[in-house]
Amino acid sequence: MSIVMKAFNATDAKDIDAIGALLHDDFVYFNDYEMHSREDYLVALAEFWKDKGSFEEGRRVLCDTRDCFAMERHDVFEGKEVNVTWMALLKDNKMWRAMIHRIER
């Protein structure tokens, strides 16, 4: 099973341990101009699940290769409908570097 499908299954189940297992020990997450550690990302993800629920609306895979994957979904951010693009670079078959980009719909 590809890492994308593992990530989708883990996020749909809201399984923070399964997500943690998909993250490289050196995982770094970029959100706008901020850089976050692996631990920061897991805490923020757990908070997101409490507040918003899921990543399922309008979700589709844009790229799924040996070295990276990208997905897109719909969301509301700061009161505006946005398309959210998530891209992760892979190392040792785990997410190593990830970034998020939001653009108004």
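Biologist: Which residues does F27 touch, not counting residues up to four places away in sequence?

Modeller: This is a predicted model, so read each contact as a feature of the prediction. With those sequence neighbours left out, F27 touches H36, S37, R38, Y41, W86, M95, W96, R97 and A98.

Biologist: Where do nonpolar side chains tend to be in soluble globular proteins?

Modeller: They tend to be buried together. Here the largest nonpolar core has 26 residues. F27 is among those with the most contacts inside it, along with I19, Y41, F69, W86 and M95.

Biologist: Which helices and strands each supply at least two residues of this core?

Modeller: The helices are α1 (3–12), α2 (16–22) and α3 (38–51). The strands are β1 (23–31), β4 (68–77), β5 (80–91) and β6 (94–104).

Biologist: Which residues make the nonpolar surface patch?

Modeller: F30, M35, M87, L89 and M99 make a patch of about 440 Å².

Biologist: Why does M35 count as exposed?

Modeller: Exposed means over 50% relative accessible area. M35 counts as exposed because its relative accessibility is 60%. F30 has a relative accessible area of 32%, so F30 is partly exposed.

Biologist: What is F30 in contact with, leaving aside its neighbours within four places in sequence?

Modeller: The contacts of F30 are M35, R97, A98, M99 and I100. M35 and M99 are also members of the surface patch.

Biologist: How many residues apart along the chain are F30 and H101?

Modeller: They are 71 residues apart along the chain, and their C-alpha atoms are separated by 9.3 Å.

Terms used. Residues numbered from 1 in each chain as written. Predicted model: local features only at pLDDT ≥ 70, side-chain atom pairs only at ≥ 80, totals over all residues. Heavy atoms only, no water. Core = buried A, V, L, I, M, F, W, Y, C linked by side-chain atoms within 4.5 Å. Buried < 20%, exposed > 50% of the residue type's maximum accessible area, 1.4 Å probe, protein only. Helix = DSSP H or I, 4+ residues; strand = E, 2+ residues; numbered from the N terminus. Contact = heavy atoms within 4.5 Å. Patch = residues over 30% accessible without salt bridge, like charges linked within 9 Å, V, L, I, M, F, W, Y side chains within 5 Å. Areas by Shrake-Rupley, 256 points an atom, 1.4 Å probe, with all protein chains shown as cover. Salt bridge = Lys/Arg side-chain N within 4 Å of Asp/Glu carboxyl O.
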